[in-house]
Structures are given as structure tokens and as C-alpha cells.
Amino acid sequence: MKKSLVAVSVVVALGAVWTGASWYTGKKLEDRLDSFIEKANTELEKSFPESGIAWQAKDFKRGIFSSDVRLILTIKKGVKNADIPPNEEIVFKSTIDHGPFPIANLKTFNLIPQMGSIHAELEKNDALKELFNITNEKSLLSLDAKVSYSRALSANINLIPVNHTETKENGEQRVLSFSGAKISADVNRDLSEFSFTVKSDELSFSDPAKKETISFKGIDFQGNSEKGKFDLYTGDHSYSIGEFSMNGIPNEPDLSLKGVKVTSNLGEDKDNLNIKITYSIDGLKIKDLEFGSGKLALGMEKLDGQSVREFVQAYNEATEAALTTDEASYDIVSLAILSNLHLLLNNNPQFSISPLSWKNSKGESSVDFKLSLQNIPEDKSTLQFMKPEEMIRTLVKDLSLHVNVPKAMLIESIAQSAMLDGGKDKAAEEAKATQQVQLMTQQGIKYKVLTDNNGIIGLNFDYANDKVKLNNKESNLHQFLLDNGFAGTYDDADANGEQNQHDEVKPPVTE
């Protein structure tokens, strides 16, 4: 009897402690939620200053073991170019289970102490009326998140499958088919670190009667970011689509892109940012023709961190202004980019395209380009009065361009393009392409711009320390510009005693 009484007392005591802890955690969670929203709004203000996008928590109803709250995303100023009126609201109705052992976690036997567990779904309102019509009155997404005592947030978002048919007055139908998606995200307490994944099997739009279809398959996005010393996020991101296809679209050929992928890496050191972005396609098919695969890798190294920060801020402000104005948005953004482009040229940056490649059934071509700049003059207006030679000496530290294109690969590409344009006889188109490639190669060799070695068309150009090497010919910069019509006299060469060695050289005659 005494043992039973002790056991009951322990259970009651534990229950009282749990109840008290849950109530206290719920009270602290309300305060922490306000703090988290304030931090999120600060980041939104930095990134989208013109839009007035902001989060707020309303109708917080705290219980002992759980609380209810409405989380509202308000677009105060609207987005004119997206037909979003001012003060549009997207509401998430949310239930928060209090820690240290949220009930939602106990259902899955998760006994790790946490501050809270959140379940949220979209609430139907005028702004989302059309969306709920498409989803048959169901919330498009549901969110389940866990908040640790360190205030880190880990969330899983499920987007439900959607199959919606819209019938127009003339009887035409448009079908939206979406397999659903799973999204996961992890964010630390001050939003300085985050990671995410997005996966979906398929999204398609079609017109059954006309047999028109646009589809995306195998969607896979992921990334991780950390705010760096220049107040910019660094990290790795990857965006891939297994296949994009477009069939039956009027005035457009059937198209299939397989293995489309974009990856990016942004890193930093003491003073600089280093960026690498790679685009790749595993297969391109147009109509019934296989065009091959390709890759483009862009590199930007030794970018001055503070200068890039200023450029990004100017670009973001222009982009948001463009979204909230009646003026031509393209002009606003373009002006901002051109006006601030010089910031990316500060402190000797390096740029590269390595490689740009394309491969088909007959071979693979490649282009490698590298450019190292010298610090741009403080008085940038002086650049517009410089002649080509002075500008190159002022801005360029070194430059290289290497191109290799197999003739057979180029002939195949030209013949395939001709077939797309209405050609009927592949052999005849290949014969024409062969003549075009041969003529181009001969002209390039004549003017010593191209080489032809073992069926590979080449171009090799290097510049550094006032020396230019084009294929196998070396000269100083002034002589090279003179030979190619970019400099008018040998006055500069005379000053350096270099006239005599070029007496026999004549600029090429243009036919």
C-alpha cells in the first residue's frame, strides 16, 4: 500500500512539474516568438526595402499544454507588377505544443526536450480564395516545426498533390497536375545560418484537346548558407530538374531538356568574395534530333567584399522599386546595374569561363576564358577618353582565351540546325555544313586567327606583361593592336626602339 502511494505521489509530482514546465515554456515561447518575428522582419527590410513585407503574430491564446496563434504575412505596399494589392495578407493558423515534451513529439516517441512544436496550415481568406478553389478547399501546405531551447527552428513542409481542371467559356480546358512536394528547412536563432531541401516528382500544365503540355520532372533543390563578414550569405546551393519538356505548343518545336542543373558556391576570405556558378544540361532534344549536352562554369574571384555588398544593396533596392512602381521595371534595374557595375571591378578581381563546352555524337568543343583586372582608376571618367591600348594597359593584368572545336562536331550541329529550319535531306545539309566549316577555317588560317590541327579548329590567345601570343605568333601589345587595326602609328614603338623589328610586318588586307 505504501509503495502504491509512493508511486502515485511520484506520478502526481511529475505531472505537476510537467504541467508547470509546459505553462512556463508556453509563456516564454510567446516572448521568443515575438523576438523571432522581429528578427525576420529586419532581414526582410534589408532584402526587400520597398515592398513593406512583414510578419506579425495575432490572437495568441495560451493554454497549459498548447497555444493557438495566427501568423500573418502582410505585403503592406503590394506588388503592382504582380497584381498584388496593398495590405494583402496570407494567414497561417497555427497550434503550438509547449515543451519540454511537446505532445506532438510524444505521439512519435520523440523524448528530446524542446521549447515547442508547431503545426500550421493556410487559412482561407479573400487573398487565397482562388488557391483554395484549385486545391478543393484544402490548405496547399502544412508545416510542422520544432523549436529548440537554443531557439533554432527545424521545419518540414508538405505541399499536397493538386489536380485541377479549369474550363473556359468556349469549352477549352487547362489542366494543372502537381505531385506535391516535401520541403525541409533549418534556421538558427538569429537567421545567420540556414539550410533547405525541396523535392517534387512532377509539375505539369496541359491542354488535353490540343495535346499541349509543359512539364517538369524530378525537381530537387537544396542549399546551405551562412551570413559572412560582409553581411552577405555564403555557402553552396544546387538546383536540378530531371527533365523539362514542352510538346504541342503552337509555333514552337517539341523540346526536351534532361538533367538540367545549376550549382553555386559563394565563399569568402579576409577581404574578398569568391563565386563559382555552374550550369549543365545532360541532354537537349528538339523534335526528334539529339543535340547533345553542355556545361558552362562561371568564376568570379577576388571580388572586393565591401564593394560587392554595396552593389547587392543597390540591385535589391532597384528590384524592389521595380516591383512596386508603374515605371518600366527593366529600365530601373538596368540603370542600377550599369551605375554600380564599377564596384565589381575594384581591387584586382578575376573572372573566368572555364569551361564553356558542348558535346554531341561527333565530338566535344570547349572554350576557356580567364581575365585578371587591375584596380580601376579612382577617377573613372578618365576611362572614356582612353584609346584601346591605354585602356588595356590600365585595366587588364592578364587575359587568356583558348578555343577548341572539332570540325565533325561543328558540321553535325550546323546540319541539325538546318534540319530544324526545314531541311529534308540530312546528307545534303551535312555537305553544305562541311563547305561552310571549311571556308571559315581557311579564312581564319589566312588571317592567322585560327589553327587547324588534326581536324580541331583552335584559337589560343594569351596576354600578360605587355606580351601577346596569338596561336604561335608573339608580339608586344602595341604591335598586336597595330596589326589588327586598333592602333594607328608606331609612335609609341619608336619611343621604345621597337620600330625596326616590325618593318616587314603588314596588317592583313580585308577582303
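1. Let's start with a pair: Arg174 and Glu172 join their side chains in a salt bridge, 3.6 Å from N to O. The term means that a side-chain nitrogen of Lys or Arg sits within 4 Å of a carboxyl oxygen of Asp or Glu. Arg174 is partly exposed because its relative accessibility is 29%, and Glu172, at 24%, is partly exposed too. For the cut-offs, buried is under 20% relative accessible area, exposed is over 50%, and partly exposed is in between (1.4 Å probe, protein chains only). These two also belong to a salt-bridge network that includes Asp207 and Lys210.

2. A word on what you are looking at: this is a predicted model, where local features need pLDDT of at least 70 and side-chain atom pairs count only at pLDDT 80 or more, while totals for chains, interfaces and linings use all residues. Residues are numbered from 1 along each chain as its sequence is written, and side-chain values use heavy atoms, with hydrogens and water left out.

3. How many salt bridges are there by this rule? The count is 15. One of them pairs Arg70 with Asp59, with the closest N and O atoms 3.2 Å apart. Arg70 is in strand 2 (residues 66-75) and Asp59 in strand 1 (residues 53-62), so this pair ties together parts that are eleven residues apart in sequence. Strands (E, at least two residues) and helices (H or I, at least four) are DSSP runs, numbered from the N terminus. Arg70 has 24% relative accessibility and so is partly exposed; Asp59 is partly exposed as well, at 46%.

4. Now have a look at Lys227, in strand 11 (residues 212-227). Lys227 forms a salt bridge with Asp231, the closest N and O atoms being 3.5 Å apart. Asp231 is partly exposed, at 26% relative accessibility. Setting aside neighbours within four places in sequence, Lys227 is in contact (heavy atoms within 4.5 Å) with residues including Glu43, Lys46 and Tyr233. Leu191 is 36 residues from Lys227 in sequence, yet their C-alpha atoms are 8.4 Å apart in space.

5. Which residues gather in a patch of negative charge on the surface? They are Asp190, Glu193, Glu226, Glu268, Asp269 and Asp271. Patch members have over 30% relative accessible area and no salt bridge; like charges are joined within 9 Å, and nonpolar side chains (Val, Leu, Ile, Met, Phe, Trp, Tyr) within 5 Å. Asp and Glu count as negative, Lys and Arg as positive, and His and the chain ends are not counted. Asp271 lies in the loop between strand 13 (255-268) and strand 14 (272-286), and is partly exposed at 44% relative accessibility.

6. Is Asn272 buried or exposed? Asn272 is buried, because its relative accessibility is 17%. Asn272 is in strand 14 and touches, among others, Phe230, Gly267 and Lys302. Another buried residue is Ser307, at 6%, found in helix 4 (residues 305-323).

7. Finally, the backbone. Most residues other than glycine have a negative phi, and most peptide bonds are trans. Here, Ser354 and Pro355 are joined by a cis peptide bond, with omega about 0 degrees; Pro355 is in strand 16 (residues 350-360). Asn348 has a positive phi, near 60 degrees, and lies in the loop between helix 5 (329-340) and strand 16. Asn471 also has a positive phi, about 55 degrees, and is buried at 11% relative accessible area.

Technical notes: Areas by Shrake-Rupley, 256 points an atom, 1.4 Å probe, with all protein chains shown as cover. Charge placed at Lys NZ, Arg CZ, Asp CG, Glu CD.
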